[in-house]
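Take a moment to look over the chain before reading on. Then follow the text from one part to the next.

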Amino acid sequence: MDIAAQGCVWTRGGEFLTYGRGMDGATWIGLGTLVAAVVGLSLVGWQLREQRIAMQAEFGNLYIQRYWNIDDDLLLTLKGSEEHRRHRHRYLRLFEDEFDVASLGFLNRQQWRAWHSVLDGQKALDRVKDDLAVCNPDEDEFERLRACIRQREREDAIHGVANCLG
Ligand SMILES: [Zn+2]
């Protein structure tokens, strides 16, 4: 058989099959099933990706809303009051939640990078450390946030979310 003259060839167990001629019905059905499976899997993959994007957007919006609620409450409350302290505690809780959710991949990476980088600024870092000292003097909460801050102090440098120990 002149293989070159037949065009495409298929090797199976050392034998040559030529598309369209040497293939029997069962082989065609097998090939069709394979193609359907690949298309099906691609669709599932695409759907999962879309769902993940939608979920990340939902979480992102939820956290942005929580942030503004807390920020408004902080502004409207007398500094040094018990109520003000409670809102500072809420802010720490929000931050810790973001660490949790980001670690599960439920936050958009770019968004999390921006929120995490808040601690890159010395002023913001000092404020959060002060919040921690005031709101949780026992140091038994906010494990992830504390781990991130400890890492910054130990390394004396800022770090990205990919290297964060929080
Ligand atoms: Zn970190």
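Is Phe142 buried or exposed? Phe142 is buried, because 22 other C-beta atoms lie within 10 Å. The cut-offs are these: a residue is buried if 20 or more other C-beta atoms lie within 10 Å of its own, exposed if 12 or fewer, and partly exposed in between, with C-beta atoms placed from the backbone. Phe142 sits in the loop between H5 and H6. Its phi is near 60 degrees, a positive value in a residue other than glycine. Most residues other than glycine have a negative phi.

A word on the model itself. This is a predicted model, in which local features need pLDDT of at least 70 and side-chain atom pairs count only at pLDDT 80 or more, while totals for chains, interfaces and linings use all residues. Residues are numbered from 1 along each chain as its sequence is written.

Now step back to the whole chain. It has six helices and two strands. Both kinds of element are DSSP runs, numbered from the N terminus: helices are H or I with at least four residues, and strands are E with at least two. From the N terminus on, the order is α-β-β-α-α-α-α-α. Of the 166 residues in the chain, 13% are buried. Contacts can also be sorted by separation along the sequence. Two residues are in contact if their C-beta atoms, placed from the backbone, lie within 7 Å. Among contacts with a separation of 6 or more, 52% join residues 24 or more positions apart.

Next comes helix H2. It has 52 residues and reaches 76 Å from its first C-alpha to its last. That is close to the 76 Å expected at 1.5 Å a residue; the expected span is 1.5 Å times one less than the number of residues. How many of the 52 residues of H2 are buried? The number is three, so H2 lies largely in the open. The buried residues are Gln56, Phe59 and Tyr63. H3 is included in what covers them.

Axes here are lines fitted to C-alpha atoms, for helices over the stretch in contact, and angles run from 0 to 180 degrees between N-to-C directions. H2 passes H3 in a left-handed crossing. A crossing is left-handed if the near helix is turned anticlockwise from the far one by less than a right angle, and right-handed if clockwise. On the H2 side, the residues that meet H3 include Phe59, Tyr63 and Ile70. On the H3 side, those that meet H2 include His87, Tyr91 and Leu94.

H3 also packs against H5. Here the angle is about 115 degrees, and the axes are 10 Å apart. This crossing is left-handed. Arg85, Arg88, His89, Tyr91 and Leu92 in H3 meet Asp131, Leu132, Val134 and Cys135 in H5.

Now look at the core. In soluble globular proteins, nonpolar side chains tend to be buried together. A nonpolar core is a set of buried Ala, Val, Leu, Ile, Met, Phe, Trp, Tyr and Cys residues joined through C-beta atoms within 7 Å. The largest one in this chain has 16 residues, of which Leu92, Phe95 and Leu145 touch the most other members. H2, H3, H4, H5 and H6 each supply at least two residues of this core. H3 gives the most, with five residues. Leaving aside neighbours within four places in sequence, Leu92 is in contact with Asp131, Leu132, Cys135, Phe142 and Leu145.

Finish after H6. Gly160 lies in this segment and is exposed, with 10 other C-beta atoms within 10 Å. Gly160 and His116 are 44 residues apart in sequence and 8.0 Å apart in space, C-alpha to C-alpha. Asp156 is found in the segment after H6 too. Asp156 has a positive phi of about 50 degrees although it is not a glycine. Asp156 is exposed, because 6 other C-beta atoms lie within 10 Å.
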